[in-house]
Amino acid sequence: MAHNRIDHYPTRTPDPAPHLERHDATVWGRIDAPDLAGFDTDGYTILDQLISPDEVARFAREIDRLADDPALHGDERVIVEKSSNRVRSVFEVHRLSSMIAELAAEPRVAGLARQILGSEVYLHQSRVNYLPGFGGAGFYWHSDFETWHAEDGMPSPRAVSISIALTDNYPFNGSLMLMPGSHRTFVPCQGETPADNYRESLQEQEIGVPAQSDIEVLAHKYGIAQFTGRAGSALLFDSNIMHGSANNITPFPRSNIFLVFNSVENTLDEPFAAPARRPTYIANREFTPV
């Protein structure tokens, strides 16, 4: 547990707590890319074609290789669906795939994070998400920063994520939903963090999720948008924006490369509301700039 630090974003409280206005900036640097013009207001932006169709095909083959690699069977970095035992996510992919590591370091990717965060950046987390057809489980509404603050000791929401679509995102195959502008509001969550909570939460998160009444307030205040688009498009979003996805009951799978960039000036400390640090494959503590 963290001690003797000012916690501007207290969470995992025993009783319900009021929403907090964000103490920190959303954009810390200078925006040069026209696509990022609305990021400060909305907390996200959609990039129509971040990678080419040829690159989509190459990365699709690469993530299939990772999912099928017998050397990774049983590896704790591979998360399987609770109901079907199919691969749900593979973590630390920038260490498992040189292709993905090179992509993450490119100016068209890491360069966007530097503009938003106003500093050098490093990969806090990397993973591939698979949402297969006919039963891929979604993610309930949540703020990533709430978890990274509570369980990883991230001081402030000076982090951004980029989700690069390797399949078409339709409104009906579990594509990500966001509440535009909700990144300005921090929602404390109720309940104590159990030991090794990540073992359950990476399959289905139950601790660190807002109450239905919180979601109702935010949805009426901010509305709900959705990330849809062709394979090769990407979503860049603030660490504190409220987001989630539905189950995929269609025959159209959805997969993406998910990269989280943190500022080197916002490095992790001890958890603010958890008994111990999570493993480094979930919360990287090697601050090598990319």
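Mentor: The answer below begins with the sheet and then turns to one of its strands.

This is a predicted model, in which local features need pLDDT of at least 70 and side-chain atom pairs count only at pLDDT 80 or more, while totals for chains, interfaces and linings use all residues. Residues are numbered from 1 along each chain as its sequence is written, and side-chain values use heavy atoms, with hydrogens and water left out.

Seven strands form an open, antiparallel sheet in the order 2-11-7-13-5-4-3. Strands here are DSSP runs of E with at least two residues, and helices runs of H or I with at least four, numbered from the N terminus; two strands pair if DSSP finds at least two bridges between them. Strand 2 (44-47) and strand 3 (78-80) are at the edges with a single partner strand each, so one side of each has no neighbour in the sheet.

Within this order, strand 13 is joined to strand 5 by 10 bridges and to strand 7 by seven. Asn262 of strand 13 is the bridge partner of Tyr122, and Asn256 stands opposite Ala165.

Helix 4 (residues 98-105) lies across strand 5 (121-131), strand 7 (159-165) and strand 13 (254-263), at about 50 degrees to strand 13. Such angles run from 0 to 180 degrees between N-to-C directions of axes fitted to C-alpha atoms, for helices over the stretch in contact, where contact means heavy atoms within 4.5 Å.
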